[in-house]
Amino acid sequence: MRVLRKHVEPAATDADDPLSLAQLLVQDFGPGVDERAESAARERLRALVPAPAFFLGVHFICAAAILIAVGPRAVASVQLLVPLGALLLIDVAAWLLSRRFPVSRIAPHAALRFAAVYAVAAIALTAAAFAAAGSADAGAAPLLGLGLACGLLAVPLSFVAFPGLAAIGGFGAAAAWLFLSGDPGSTSIGALLALCLVQLSVRHTAERLTQLRRRVVIDWKAQRASRFIEEFEQAGRGWFWETTARGALSYVSDQLADDLGMPAADLIGRPFTDLIGSDSSGSADSSERTLGFHLSARLPFADITVRANIKAELWWSLSGTPSFDEYGRFLGFRGIGTDLTEQRRSEDEINRLAKYDSLTGLPNRMLMRRTLDETLQGSGANGECALFLIDLDRFKNVNDTLGHPIGDALLKQVAQRLASVIGEKGQIGRLGGDEFKAVLPGMTDEATLAQLAARLIQQVSMPYLIEGHNISIGASVGIALAPTDGACGDALIRDADLALYSAKAAGRGTFCFFAPEMHSEAQDRQLLENDLRKAITRGELELYYQPVVDAKTEALCGFEALVRWHHPSRGMISPSTFIQLAEECGIIVQLGEWVLRTACAAAAKWPENVRVAVNLSPVQFTEANLPNTIVSALANAGLAPRRLEIEITEGVFLVESESTDDMFARLKAIGVRLALDDFGTGYSSLGYLRKTPFDKIKIDQSFVRGAAKKGSRNAAIIRAIVTLAESLGMDTTAEGAETHDELTLIRDLGCSHVQGFIFGRPMVTEEADKLAAQNKAVTADGFQFNRPPRQGLLKVATLQWNGMQMPVRVRNISTGGALIEGDRALPIEAKVQLDLPGCGCLGAEVRWTDSGRLGVQFDEELDLRRLVPGRPKGFGARLQSDSYRPVELSQGLEKRALRASDLR
């Protein structure tokens, strides 16, 4: 508006300023000072349009009067015919030129200059013609006077709209009268008349100019406003509308017609409210009511949001003002509209991003928290619900090895699987990273929730194929129930998080319901984590070494380095506890580097043929600096690379990528040996054996233990693994060998190395150094066969063999066998019957004998609760262990490898 005033207000002021007499007399003969003056001059120039025809008619009358007055002698008078003919000739020429070239096509100042020249010439020729006719008869004098008056007055009267031309014509006529009559008195009267005529012309012209300038200013303003409106509409910033007093449209912009998909002419006459649609949202309904109120009350309104009445989604912001005439009568509304569709979409997108995860499209943390709070406060399910906290297992490896784009694609597929499992049962959302949450209203039955959680884990654990990469991950689920575990959202989330941690601590890939004791466990875990961070610097960690021997010669081949933690107050902490804790809290790399350097330093003191094996966490394997760390450890210890064996679990193959292959190539280039640990218990794929340069396969102890037992399939599995390794040129190490029958089986199946309690438990550095320095075969020491843990017992029984009955004493017993004392020795593999009071006759086989003692193995497992009549769930007073749990006997507890001397 400031720019508009700068140009318009001075023009409006100039239109009201009076012009001087000199300006009025001369301004017509010069070009206009600006566009507005030029436009006003063209408007006034229209007064010259009838002048040529008028002059031609007047001068024709004058010529007729002269010819009638003079008579026949005028034909021979050259002095009369020449000026009279010239006068008529220029009149005809002027008339023809005006027809050919309209004055609107000529510059105003040029046309007026031509008119001035014509006025002087016309007066002069008229005076010359009447001067030549001055000798006419006295009777014709009145006729000549009338003709002269017409000829002289024609010019000033025709040009009265132009002060300069009026002055030229008036005073020129007075001068011509003085020339013809020679009477100063009458000439003075004529001059006064000319002066009055000029005064009249000046006043008329001044008023006319003022009007024209005002109109030009108004027209200019209107044109400029029209241009602004046109530019405004063309820029798509809005459109204009106008209605009649009855609400019918009387004007609409073309943009509005284009938005509605119909010609603007078809909209004229339609009620303006017909263009407004309805919407289900409460805000739109409120806007429509507000608009209807203002239209009916004839009140101005601004920025009311409405929806267009078309199929496509179109939103407007309307502003309008009522119009009234000078008598106060209502004429209608006029206003402006703005397209809010894109803005509305942007706002909807912002709202969606505020509530939904941009990657997976699932509800985000904020919306899931709101859903949980509403569910807990809702009356439909009485606040009962289940909360699932879901964490993906091994997802970090995907991001670290394949990059975040692959990780994002994996999260999308995981989200789809989770949504398909949860379905209509509740709402699933993403909290961030690899964490998800599910709210299940009204579901509190643990059996149903357990089935749902198991199915969820099963679906997530199925392999993924993303850009040519085979990816396998898992999921752990923590479950909390409301209101049992918590009545508010914070408490329920905390409990579900504790349950999730318990599920991950249980080995991942499982689910766990919240239990109250988890609070104390979480506090204990935090304390343990803090202690673990300080354990290295405090010297609480120590490496133990377990021997690895040649299966045939029983010669010592090396040691496996196993880390142990001597806690100052808790005592010895199991590696299965603190290794997983180290991985979760991010210190496994530091811990692994310490193990590597310490093991290399210890192995440097051993003979050249003794290697050291170090376990490598999958987290360490993803570290790009791992090869440099190994080279540094070998160099500092002075240990040859071939004497270091790196044991890697199958977990590193859960994400097959080029970075994995590159890491194996870099490790192999160093010269260290690579061993695949716990083979067959993890990622069940043989494809990596084809391309990974392993030197050894370690057969997991779960296949070794019990392999010698009748009916076990473990032997067939071990045979297949050995055959596979031999075909690939790899050694094999059987882990967990504890008994002589297992050792014999391992040798028969062709395993190249053995590692287990039968050749030694993990030992401290000094014992390992001593054993390595002996550099001789290691003696196998253990039970003849594998057996379940035994319970102390003192009970009299009867033993039957070959029809003979012998009194015996049962000293200890297990579900699989017993230690018996008797007076007579029996042959090994003898079939006997043990008559044990309360249990009946038990079929058994003698497995060993020694100085009146013998060990028997039952044909069928014995339920030890049969030993206590009347107390099926308890144990007798003679059972010396109160930690016995019968539910786990058939599942095979971890056994301590006892020596033969332990029985004595």
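**Aromatic pairs in a predicted model**

Guide: A search of the whole structure finds 12 aromatic pairs. The model is predicted.

Visitor: Why is the pair of Trp241 and Phe272 called stacked?

Guide: The ring centres lie 4.4 Å apart, with the planes at 10°. Pairing needs centres within 6.5 Å, and stacking needs planes under 30 degrees apart. Therefore Trp241 and Phe272 count as a stacked pair.

Visitor: Which parts of the chain does the pair link?

Guide: Distant ones, 31 residues apart. Trp241 is in strand S1 (residues 239-243). Phe272 is in the loop between helix H11 (264-267) and helix H12 (282-297).

Visitor: What makes Trp241 count as buried?

Guide: Its relative accessibility is 1%, and buried means under 20%. So Trp241 counts as buried. Phe272 has a relative accessible area of 3%, so Phe272 is buried too.

Visitor: Why is the pair of Trp241 and Phe301 called stacked?

Guide: The centres are 6.3 Å apart and the planes meet at 15°. The cut-offs are 6.5 Å and 30 degrees, so this pair is stacked. Trp241 lies in strand S1 and Phe301 in strand S3 (residues 301-307), so the pair ties together parts 60 residues apart in sequence. Phe301 is buried, as is Trp241.

Visitor: Which residues do ring pairs link into a cluster?

Guide: Trp241, Phe272, Phe301, Phe324, Phe330 and Phe333.

Visitor: How do you know that the charged end of Arg417 sits over the ring of Tyr464?

Guide: The charged end is 3.7 Å from the ring centre. The limit is 6 Å, and the charge must also be within 35 degrees of the ring normal. Arg761 lies over the face of Phe757, 4.4 Å from the ring centre.

Key:
Residues numbered from 1 in each chain as written. Predicted model: local features only at pLDDT ≥ 70, side-chain atom pairs only at ≥ 80, totals over all residues. Heavy atoms only, no water. Phe/Tyr/Trp six-rings, centres within 6.5 Å; stacked < 30°, edge-to-face > 60°. Helix = DSSP H or I, 4+ residues; strand = E, 2+ residues; numbered from the N terminus. Buried < 20%, exposed > 50% of the residue type's maximum accessible area, 1.4 Å probe, protein only.
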